[in-house]
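Please look at the structure shown here alongside the report that follows.

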Amino acid sequence: MIHILYLAAGSARRFGSNKLLHSLEGKPLFRYSLDWLAALVAQRQDCTLTVVSRYEEILTTAAAMGLSAVESPDSGKGISYTIRAGIGSLPLLSPADFLLFVVADQPWLRRETVERLLQGAKPGLWAATTAFGDRVGNPTLFSSPLVPALLALEGDQGGRSILKSEPQRCLRVAAQEEKELWDIDYREQISIAEKRKHLK
């Protein structure tokens, strides 16, 4: 089984407000990937989808969509708390299971890229990451034997540190465009995106 954890609990201090609720071309930022992820999981028998957040609107939306919604009240202390909350909500994992972490502030991420990551979740895979050229980013896929290392993360330390420990074992899955890896950190990025009509 592949457990997809949709991380939607960030503080967005650099943005100046809750960026995940900010409207981008008439749609809340957090809904861009979530909508097609929900459709994708509904069509598969080997995936679950859990939304992890500390924001009531996001949790309520996820529940209304029939998804598992997990509250992470300590996420303001760093992403490691969000990761632990998500993993803690899952059933007992088997050695053959995988965890796919998708962050909610990448509106240009494509379904096809995630599908290629899911195709890589096969016996013998240690981990995988999305990449475009030399640049790597989210989403990231971890085999279940890496769960103890994920649970040991502290503060604002994410799973990238685990992947860097043995990069030769980490599969790179190519994105179609570099902007798939871009996340929204600053309000100015919203304005640029709206002016250039990058979203499809």
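## Basis of the model

The model is predicted, so that local features need pLDDT of at least 70 and side-chain atom pairs count only at pLDDT 80 or more, while totals for chains, interfaces and linings use all residues. Residues are numbered from 1 along each chain as its sequence is written, and side-chain values use heavy atoms, with hydrogens and water left out.

## Asp97

Asp97 lies in the loop between α3 (79-88) and β6 (98-103); helices (H or I, at least four residues) and strands (E, at least two) are DSSP runs, numbered from the N terminus. Asp97 is buried and has no salt bridge, the nearest side chain of opposite charge being that of Arg44, 12 Å away. Here buried means under 20% relative accessible area with a 1.4 Å probe, protein chains only, a salt bridge is a side-chain nitrogen of Lys or Arg within 4 Å of a carboxyl oxygen of Asp or Glu, and for charge Lys and Arg count as positive and Asp and Glu as negative, with His and the chain ends not counted.

The side chain of Asp97 does reach the backbone nitrogen of Met1, at 2.9 Å. Neighbours within four places in sequence aside, Asp97 is in contact (heavy atoms within 4.5 Å) with Met1, His3, Leu92, Phe142, Ser143 and Ser144.

## Helix α1

Among the buried residues of α1 are Tyr32, Trp36 and Leu40, and what covers the buried residues of this helix includes β1 (2-7), β4 (47-53) and α4 (111-119).

## Cysteines

The count of disulfides (pairs of cysteine sulfur atoms within 2.5 Å) is zero. Cys47 is buried at 8% relative accessible area, and Cys170 also counts as buried, at 14%.

Note on methods:
Buried means under 20% relative accessible area, exposed over 50%, partly exposed in between (1.4 Å probe, protein chains only). A polar contact is a pair of N or O atoms within 3.5 Å; within protein, one must be able to donate a hydrogen and the other to accept it, and residues adjacent in sequence count only if both atoms are side-chain atoms.
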